[in-house]
Amino acid sequence: MSSLLTPPLFAALAPARRILIAGAGGGFDVYAGLPLALALRATGAEVHLASLSFSQLELIDQQSWAERNVAAITPDTASPDWFFPERTLARWLAARDMPSTVYAFPPLGVQTLREAYRHLVDRLEIDAVVLVDGGTDILMRGDEDALGTPVEDITSIAAVTALDVPIKLVTCLGFGIDAYHGVNHVQVLENIAALDRDGGYLGALSIPGDSREAVLYREAVADAQAATPERPSIVNGQIAAAVAGAFGDVQFTRRTSGSTLFVNPLMAIYFTVDLDKLAARCLYLDRIENTVGRNQVITRIQTFRNEIPSTRIPRAYPH
């Protein structure tokens, strides 16, 4: 029985002692898991970070590979790639005397990513996996008007749902951001309501702007922006602004100069669901099950979308 006194997210993770928080959508998604990781570490849990990487991992030094398709990125990992969020985060963590290894997976298909996750789960004796999405398009089931950028998200869900891990969750931070990619957020809310009816919704949890977790998260995002000024995270930049109480068209990079942003308090809220129940609602998960490479996933999603007779009609938020 859930209680208003204890957020269901933390109640679900309470039995876990070794937790893997992994960016589901690649790139800077792992940063969206940082406030949660900091809060869990404060409870005494052992928390590890991982990321589905967009960096050129083939360029890193050989000793950084823990296993095939699993790189252990540290502050000293050598690579000529200027875009390396995992190393940037590792250096920020080390500068604050925190555990600083960030595990990274290259872009993969379901079978290969699952094996990489399985190795990491076994190596670290993980008893809870939390996939983190910057935005909420990971909650799309397939028949929506638009899916956002589903490739990495759905590959991560499919890979993790088959793992033998007691606790598997998905949490999203940055509600509304995926409108840029055509996502209709009324349909996001409709999907959350359906998961709630199935017993798969673990509620919403706001990050207090003056909390230690919020302060450190904003510092980490600012550090990442300074490290990659030509390609800062648009997603985390908006979330960090929302966590600071900013509102409206808050511009922080030339990458968004042609867009009108809508930073608001909903972006500072974690929406959490049961991973297996989310996977069960996906209409095309079976289509990508036997993939080994990212391009296969892309092709099969496109084929599925071409074959469905119709999509759900998008609606404007009525208030």
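Start with the buried residues of α4, which pack against α2 (29–32), α3 (34–42), β2 (46–52), β4 (70–73), β5 (102–105) and α8 (212–227). Contact means heavy atoms within 4.5 Å. Helices (H or I, at least four residues) and strands (E, at least two) are DSSP runs, numbered from the N terminus.

This is a predicted model: local features need pLDDT of at least 70, side-chain atom pairs count only at pLDDT 80 or more, and totals for chains, interfaces and linings use all residues. Residue numbers start from 1 along each chain as its sequence is written, and side-chain values use heavy atoms, with hydrogens and water left out.

Now select residues 85–95. Helix α4 is mostly covered, with eight of its 11 residues buried (under 20% relative accessible area, 1.4 Å probe, protein chains only). They are P85, E86, R87, T88, L89, A90, W92 and L93. D97 follows α4 and has a positive phi, near 55 degrees.

Next, pick α5 (residues 110–124) and α6 (residues 150–161). Their axes, lines fitted to C-alpha atoms over the stretch in contact, come within 8 Å and cross at roughly 55 degrees. Show V110, L113, R114 and Y117 in α5; they meet T155, S156, A158, A159 and V160 in α6.

Last, go to T136, in the loop between β6 (128–134) and α6. T136 counts as buried, at 0% relative accessibility. Beyond its neighbours within four places in sequence, T136 is in contact with C172, F175, D178, H185 and V188.

Key
Axes fitted to C-alpha atoms, helices over the stretch in contact; angles between N-to-C directions. Buried < 20%, exposed > 50% of the residue type's maximum accessible area, 1.4 Å probe, protein only.
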